[in-house]
Amino acid sequence: MSAAAAVRVALRRAPRAAPPRRKMGGLTNVKKNGPVEEWNGRREITEKTFDVGRPRTVATLLATIVAFPFVVHHVVKSELDTSKNNCINPKTKAIGTA
């Protein structure tokens, strides 16, 4: 055997044994809940089941992204404008001052 072949044989890795498979919850007698398992699977493939083209989805997205923040902003702004607190609304005079 040549020196190069001996080095090749020495450096060759032995095949690795596969790690032992673990049974998650296999020894605890846990029974799977069908609806929970289905929800879990749906959650993992949401990007495949999500369809933006449906009108209901578009309406929900617009309500969530545009309408809800606008309503919250309007309510908070009106509360701050009518506030009697000088720190929040410096336009109003403090209570008891002329």
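Patches are made of residues with over 30% relative accessible area and no salt bridge, with like charges joined within 9 Å and nonpolar side chains (Val, Leu, Ile, Met, Phe, Trp, Tyr) within 5 Å. This is a predicted model, in which local features need pLDDT of at least 70 and side-chain atom pairs count only at pLDDT 80 or more, while totals for chains, interfaces and linings use all residues. Residues are numbered from 1 along each chain as its sequence is written, and side-chain values use heavy atoms, with hydrogens and water left out.

**View 1. The overall fold follows the pattern α-α-α-α.** The protein has four helices and zero strands (DSSP runs numbered from the N terminus: helices H or I, at least four residues; strands E, at least two). Of its 98 residues, 4% are buried (buried, under 20% relative accessible area; exposed, over 50%; partly exposed, in between; 1.4 Å probe, protein chains only).

**View 2. A nonpolar surface patch is made by F50, V52, V58, L61, L62, I65 and V66.** The patch covers about 620 Å². One of its residues, I65, is placed in helix α4, residues 55-81. I65 counts as exposed because its relative accessibility is 58%.

**View 3. D81 and K77 form a salt bridge.** The N to O distance is 3.2 Å (salt bridge: a side-chain nitrogen of Lys or Arg within 4 Å of a carboxyl oxygen of Asp or Glu). By this rule the count is one. Both D81 and K77 lie in helix α4, four residues apart, about one turn of the helix. D81 counts as partly exposed at 45% relative accessibility, and K77 as partly exposed at 42%.

Notes
Accessible areas come from the Shrake-Rupley method with a 1.4 Å probe; for residues, only the protein chains shown count as cover.
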